[in-house]
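Please consult the sequence and the model alongside the points below.

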Amino acid sequence: MKAWLHFKTITKHKWMVMKYCFRIGLYKQGLLHDLSKYSPAEFLVGCKYYQGDRSPNNAEREATGVSTSWLHHKGRNRHHFEHWVDYSLDGEHVIMGAQMPRRYVAEMVMDRISACRTYMGDAYTQEQPLAYYLKGKEQLWFIHPQTKRELEGLLRILKDHGEDTVIWYIRNVYLKKGKTYGKNKSI
């Protein structure tokens with residue numbers, strides 16, 4: 001029974017993110033979003049720790065001290081800022097976050113909206129994604145400062161002006177300002 005419930009939850013979330021990504025013009029990312037959740041490394045753990053109102057990764061972490069499912073997931077999905085943690089060359093830190101390309105920050109916002117909608121159901125409000133982010137913000141020292149500013153700024157637009165406005169802004173302004181890396185190589 002938990003396998004079916006977990007499958008329904010992750011599929012609902014995936015479809016929701018896909019629709020949002022399509023609205024902002026990220027068609028390929030929408031189609032490929034979170035496919036690793038269907039792999040045995042993530043799906044079986046999700047079934048075992050399924051609760052329905054929060055991520056099974058949290059329950060696995062509480063039960064065992066680590067979430068192997070999360071480690072697998074963040075390593076394969078570029079829309080998580082944890083994916084972008086690397087060794088530091090600044091002499092002050094052992095690790096630090098690399099700046100995320102805007103298309104993955106945009107997907108992360110769509111992911112956060114969808115996760116809140118999935119787990120909160122009818123209790124969802126447009127303030128929830130920002131509130132969830134702010135709750136853990138002080139512990140997020142390893143996010144690249146620019147990525148942190150962009151993520152928080154987009155979540156504030158969502159909170160203050162709603163989904164339609166943040167989607168319009170991401171599609172027509174934010175993604176048009178994409179950062180170029182190297183010689184004419186946009187990522």
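Trp70 counts as buried because its relative accessible area is 17%, where buried means under 20%, exposed over 50% and partly exposed in between, with a 1.4 Å probe and protein chains only. The model is predicted: local features need pLDDT of at least 70, side-chain atom pairs count only at pLDDT 80 or more, and totals for chains, interfaces and linings use all residues. Residues are numbered from 1 along each chain as its sequence is written, and side-chain values use heavy atoms, with hydrogens and water left out.

**Individual residues**

- Trp70 lies in helix 5; helices (H or I, at least four residues) are DSSP runs numbered from the N terminus.
- Beyond its neighbours within four places in sequence, Trp70 is in contact (heavy atoms within 4.5 Å) with Asn57, Arg61, His80 and Glu82.
- Between the C-alpha atoms of Trp70 and Gly25, which are 45 residues apart along the chain, the separation is 27 Å.
- Thr9 belongs to helix 1 and is buried, with a relative accessible area of 13%.
- With neighbours within four places in sequence set aside, the contacts of Thr9 are Tyr50, Thr118 and Tyr119.

**Largest nonpolar core**

- A nonpolar core is a set of buried Ala, Val, Leu, Ile, Met, Phe, Trp, Tyr and Cys residues joined through side-chain atoms within 4.5 Å.
- The largest such core comprises 32 residues, and Val109, Met110, Leu154 and Ile170 have the most contacts inside it.
- Two or more residues of this core come from each of helix 1 (2–23), helix 6 (102–120), helix 7 (128–136), helix 8 (145–161) and helix 9 (163–174).
- Helix 6 is the leading contributor to this core, giving eight residues.
- Ile170 touches Ile24, Ala106, Val109, Met110, Leu154 and Leu175, when residues up to four places away in sequence are not counted.

**Helix 6**

- At 1.5 Å a residue, helix 6 should span 27 Å, and its end C-alpha atoms are 27 Å apart, which agrees; the expected span is 1.5 Å times one less than the number of residues.

**Pockets**

- On a 1 Å grid over the protein atoms alone, a pocket is an open set of points where a 1.4 Å probe fits, with protein on both sides within 12 Å along at least five of seven lines; lining residues have an atom within 4 Å of a point.
- The largest pocket holds about 1300 Å³ of space, a volume being the space filled by probe spheres set on the grid points, which are joined across faces, edges and corners.
- This pocket is lined by 39 residues, of which Ser55, Asn58, Trp70, Glu82 and Tyr132 are the closest to its centre.
- Helix 6 gives the most to the lining of the largest pocket, namely eight residues.
- The lining of the largest pocket consists of 15 nonpolar, 13 polar and eleven charged residues; Ala, Val, Leu, Ile, Met, Phe, Trp, Tyr, Cys and Pro count as nonpolar, Asp, Glu, Lys and Arg as charged, and the others, Gly among them, as polar.
- The second largest pocket has about 250 Å³ of volume.
- Among the 14 residues lining the second largest pocket, Gln29, Leu32, Arg78, Tyr104 and Glu107 are the closest to its centre.
- Helix 2 gives the most to the lining of the second largest pocket, with four residues.
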